[in-house]
Amino acid sequence: MGGVAGACVAAAAAFLPCLCILLAVGPAVERLRSGPKLSVFLRGMGAAAAGSIVAVAALLLPPAVTGAAGAALFLACLAAQWRFEPGWVLAAAGLAGAVFL
């Protein structure tokens with residue numbers, strides 16, 4: 001399976017289990033979040049997740065950004081993150097990448 005269908009299956013396989021877990025335990029976590037020990041743990045997990053995202057992005061950046069057009073698109077998207085909603089930036093980046101790269 002390839003193309004758009006394969007991409008959809010891969011995205012579902014990557015995100016659906018996490019979404020199901022989040023929907024199942026989300027209300028309980030919100031209730032327990034007020035406890036001092038769990039709130040510290042959750043803050044630490046948030047920092048660990050952010051660090052993991054930055055580390056993976058640093059590894060993927062060199063092979064993904066090739067040429068001047070790719071670098072310009074990357075910098076424009078990076079700057080746009082502070083002004084626009086991430087979903088709109090992602091959609092615009094995908095469109096611009098498909099058209100210009």
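Mentor: We'll take the pocket, then a helix, then the cysteines. This is a predicted model, where local features need pLDDT of at least 70, side-chain atom pairs count only at pLDDT 80 or more, and totals for chains, interfaces and linings use all residues. Residues are numbered from 1 along each chain as its sequence is written, and side-chain values use heavy atoms, with hydrogens and water left out.

Trainee: How much space lies in the largest pocket?

Mentor: About 540 Å³. Its lining has 16 residues, and Leu 61, Ala 64, Val 65, Phe 74 and Cys 77 lie nearest the centre.

Trainee: What divides the lining: how many nonpolar, polar and charged?

Mentor: The lining has 14 nonpolar residues, two polar and no charged.

Trainee: Which element gives the largest share of the lining?

Mentor: H3, with five residues.

Trainee: Which residues of H3 are buried?

Mentor: Gly 70, Cys 77 and Ala 80 are buried, meaning under 20% relative accessible area, with exposed over 50% and partly exposed in between (1.4 Å probe, protein chains only). They fall within an arc of 95° seen down the axis of H3, so they line one face of the helix. The face turned away carries the exposed residues Ala 68, Leu 75 and Ala 79.

Trainee: Is Cys 18 buried or exposed?

Mentor: Cys 18 counts as exposed because its relative accessibility is 52%. Cys 77, at 19%, counts as buried.

Methods: On a 1 Å grid over the protein atoms alone, a cavity is a set of points where a 1.4 Å probe fits but cannot get out, and a pocket is an open set with protein on both sides within 12 Å along at least five of seven lines; lining residues have an atom within 4 Å of a point. Grid points are joined across faces, edges and corners, and a volume is the space filled by probe spheres set on the points. Helices (H or I, at least four residues) and strands (E, at least two) are DSSP runs, numbered from the N terminus. Ala, Val, Leu, Ile, Met, Phe, Trp, Tyr, Cys and Pro count as nonpolar, Asp, Glu, Lys and Arg as charged, and the others, Gly among them, as polar. The arc is that of the directions from the helix axis to the C-beta atoms.
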